[in-house]
Amino acid sequence: MAVERTLSIIKPDATRRDLTGKVNTKFEDGGLRIVAQKRVRLTTAQAEAFYGAHKERPFFRSLVDFMTSGPVVVQVLEGEGAIQKNRDIMGATNPANAAPGTIRKEFAESIEANSAHGSDSPEAAAAEIAFFFAATEIVP
Ligand code: CMP
């Protein structure tokens with residue numbers, strides 16, 4: 001399988017509880033290397049742009065408010081099949097449906113405050129990585 005990169009965000013519910021290290025251990029134990037990482041506070045404009053695909057969804061405004069409610073850790077994960085691997089390690093969007101041992105099963109508070117975001121396709125990964133990182137900030 002090809003080596004891929006994907007964009008991951010450790011969300012405000014997780015940074016608030018100091019779970020960054022535990023989430024990163026899940027990624028590294030699962031075979032993903034963190035090749036870029038920074039802790040930032042998203043502006044409303046950034047969160048709206050990042051989640052633009054969800055603009056018409058009923059949860060959009062609440063999602064933007066949540067994503068700007070505290071720091072997030074944005075990161076690039078690299079590994080074989082990294083996009084699907086990351087999604088497997090995160091578990092289902094709704095923690096009620098997430099498999100045991102996944103980030104969302106162990107840490108998520110709700111379908112919104114679900115601790116982690118991961119790109120869902122190669123196209124999304126490329127766009128989302130470029131949204132947060134310059135090529136020079138990614139160090140394999
Ligand atoms: P994420 O993978 O970051 O993509 C969109 C986010 O919207 C999702 O995780 C959740 O944090 C949030 N969200 C809130 N309500 C819903 C919902 N009903 N369905 C899907 N995503 C939701």
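Around the ligand you'll find Lys11, Tyr51, His54, Phe59, Leu63, Thr93, Arg104, Ile111, Glu112, Asn114 and His117, each with a heavy atom within 4 Å of it. This is a predicted model, where local features need pLDDT of at least 70 and side-chain atom pairs count only at pLDDT 80 or more, while totals for chains, interfaces and linings use all residues. Residues are numbered from 1 along each chain as its sequence is written, and side-chain values use heavy atoms, leaving out hydrogens and water.

By class, that shell splits into 4 nonpolar, 4 polar and 3 charged residues. Lys and Arg are among the types counted as charged, Tyr and Phe among the nonpolar ones.

| Residue | Part of residue | Distance to a ligand oxygen |
|---|---|---|
| Arg104 | side chain, N or O atom | 3.4 Å |
| Ile111 | backbone, polar atom | 3.4 Å |
| His117 | side chain, polar atom | 2.9 Å |

The protein covers 80% of the 450 Å² of accessible area that the ligand has on its own, going by the Shrake-Rupley method with a 1.4 Å probe.

Now for the backbone. Most residues other than glycine have a negative phi. Asp18, though, has a positive phi near 55°, and its place is the loop between helix H1 (12-16) and helix H2 (20-29). Ser115 also has a positive phi, near 70°, and sits in the loop joining helix H6 (103-107) and strand E4 (116-118). Helices (at least four residues) and strands (at least two) are DSSP runs.

Asp18 counts as exposed because its relative accessibility is 65%, with exposed meaning over 50%. Ser115 counts as buried because its value is 0%, buried being under 20%.

Technical notes
Polar contact = N/O pair within 3.5 Å; in protein donor to acceptor, adjacent residues only side chain to side chain. Buried < 20%, exposed > 50% of the residue type's maximum accessible area, 1.4 Å probe, protein only.
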